Amino acid sequence: MKLVDSFLSSFIRIKYKRVADMLADPIACQDTLMHSFVDEAKHTAFGKDHSFDSIVTYEDFKQHVPLRNYEQLLPYIERIKSGEKDVLWKGRPAFFGKTSGTTSNTKYIPVTKDSLKNHIGGGQYAPLTYSHKNKKLAFLKGKSLFFSDGHFFEYINGIKTAPISTIGNSCVPWWYKWLRLPSDEINAIPDYKERIEAMIDLAEANDIRIIVAMPVWLLVFLRSLKAKTGKDFNQLFPNFQLLILSGMDYEPFMPEIKKYINMPFDVFETYPSTEGLLAYQDRLNERGMQLILNNGIFFEFVEVETLGKEQVNRVSLNDVKPGVNYALVLNTNAGLWGYINGDTVRFKTVFPHRIEITGRIAQYISAFGEHVTVEETEKSIAETAAACGATIVEYTVAPHIMDDGSLPYHEWFIEFGESPADMEDFAKRLDNQICTRNFSYKDVVTHKAIEPLKITVVPKGGFETYLKASGKTGMQQKVPHARNDYQFAGQLKKVLSL
């Protein structure tokens with residue numbers, strides 16, 4: 001056993017050197033990436049269109065590379081789909097990462113052989129940091145259970161197309177596949193409930209020490225696991241140690257998760273996207289994620305308040321400030337240039353460059369000038385649930401504008417694990433939490449421009465039912481926690497007959 005520990009310690013120390021090098025000089029890492037990307041892509045169609053030959057400094061880069069969202073980048077992507085080479089990056093992509101997003105139609109994000117390292121290599125930063133900093137090795141001696149989208153590929157003019165988790169699973173090294181569950185065969189089961197059942201059977205037969213999942217699908221698995229086996233989690237997996245969560249703020253869901261995982265465990269957070277794995281939690285028991293700065297993504301940041309204005313405050317890592325809400329801009333070795341991915345972040349610290357996700361550009365509610373953010377909804381519902389002894393499985397919020405002329409209101413659709421004893425009290429407390437965090441919301445409620453929020457209770461398993469009915473059964477799919485329209489809420493009500 002000592003020999004195994006010695007080998008694992010040496011392995012972690014060697015692998016962690018890449019992380020340490022990044023932390024030692026983050027600005028140089030980013031500067032190197034920018035110049036190498038420009039040099040690699042100067043002979044592409046995009047490089048020629050944007051005079052990459054003239055780019056020497058970051059100021060040159062900003063002048064030649066405009067900010068773009070997916071729709072503005074789409075003409076170049078359509079050229080790639082039609083079979084053209086050397087469009088955004090040299091050659092043709094190895095894959096298209098397919099994502100439905102939360103606010104738009106299907107997107108096809110190029111994934112090149114170079115950018116695959118962003119996903120596969122970046123996925124190592126969280127467990128490496130966890131082990132190196134906390135001197136923990138036990139989790140490396142068992143298996144990890146990874147919740148992925150189904151193992152199904154489509155083809156677009158010869159380019160394999162799938163959700164990014166499927167692509168990543170198909171490309172990991174053989175030795176990692178040996179440590180990682182489930183198999184490609186189980187991930188290829190088309191019915192996700194049958195897939196969950198197969199995952200449970202496989203998990204029972206293995207020493208599971210890590211789970212990587214999004215909260216909503218983790219809870220689906222944990223409920224099914226308890227129902228099928230009748231056993232407590234700690235009986236099934238006595239060596240379990242680390243839960244890696246991604247995709248959203250997990251605090252509102254932790255009380256419900258802990259009902260099922262009835263044993264001590266550590267939690268780390270990661271920030272994956274179709275464009276690359278962007279950041280990872282670097283400190284145990286402290287929220288905040290370190291940006292991955294040496295792994296194929298050159299980051300830029302735009303102050304959210306200046307988006308869409310004539311003078312946009314667009315900066316590189318060198319000039320970011322803590323406490324400012326930034327829209328995230330990505331430039332990658334898959335050929336994304338000045339790409340606004342839709343997320344907003346805030347730096348908790350610089351040197352090290354640790355961020356927290358504050359929401360989505362399109363995920364907020366400001367139908368009445370209140371501009372309630374996702375961050376405000378997530379913190380408010382977590383604190384209200386804790387105060388009322390309730391637990392949250394999932395939720396979404398939307399402005400409900402009445403047809404009969406009566407006052408509109410924010411409608412909260414909440415699926416509870418443990419329901420509050422007094423739903424009216426819960427709603428009042430939640431409304432007060434939002435008022436405390438957002439003076440504009442408090443103002444429109446106080447002046448009776450809108451009613452205080454109202455809650456529609458979603459039956460147990462309701463969000464899972466909706467996702468299945470909508471064809472969003474991939475285990476990386478997520479529910480928007482705030483929308484500025486009633487579209488998602490209306491679809492949810494229709495499917496569930498609320």
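A cavity here is a set of points, on a 1 Å grid over the protein atoms alone, where a 1.4 Å probe fits but cannot get out. Its volume is the space filled by probe spheres set on the points, with grid points joined across faces, edges and corners.

I'm working with a predicted model, where local features need pLDDT of at least 70, side-chain atom pairs count only at pLDDT 80 or more, and totals for chains, interfaces and linings use all residues. Residues are numbered from 1 along each chain as its sequence is written, and side-chain values use heavy atoms, with hydrogens and water left out.

**Cavities.** I looked for cavities of 30 Å³ or more and got two.

Helices are DSSP runs (H or I, at least four residues), numbered from the N terminus.

**Helix α12 again.** Next I checked how α12 packs with α11 (residues 192–204): the angle is about 65° and the axes are 10 Å apart. Axes are lines fitted to C-alpha atoms over the stretch in contact, and angles run from 0 to 180 degrees between N-to-C directions. So I can call α11 and α12 roughly perpendicular (65 to 115 degrees). For contacts (heavy atoms within 4.5 Å), I wrote down Tyr192 and Ile196 among the α11 residues, and Trp217 and Val220 among those of α12.

Terms used:
On a 1 Å grid over the protein atoms alone, a cavity is a set of points where a 1.4 Å probe fits but cannot get out, and a pocket is an open set with protein on both sides within 12 Å along at least five of seven lines; lining residues have an atom within 4 Å of a point. Helices (H or I, at least four residues) and strands (E, at least two) are DSSP runs, numbered from the N terminus. Angles under 35 degrees count as roughly parallel, over 145 as roughly antiparallel, 65 to 115 as roughly perpendicular and the rest as oblique.
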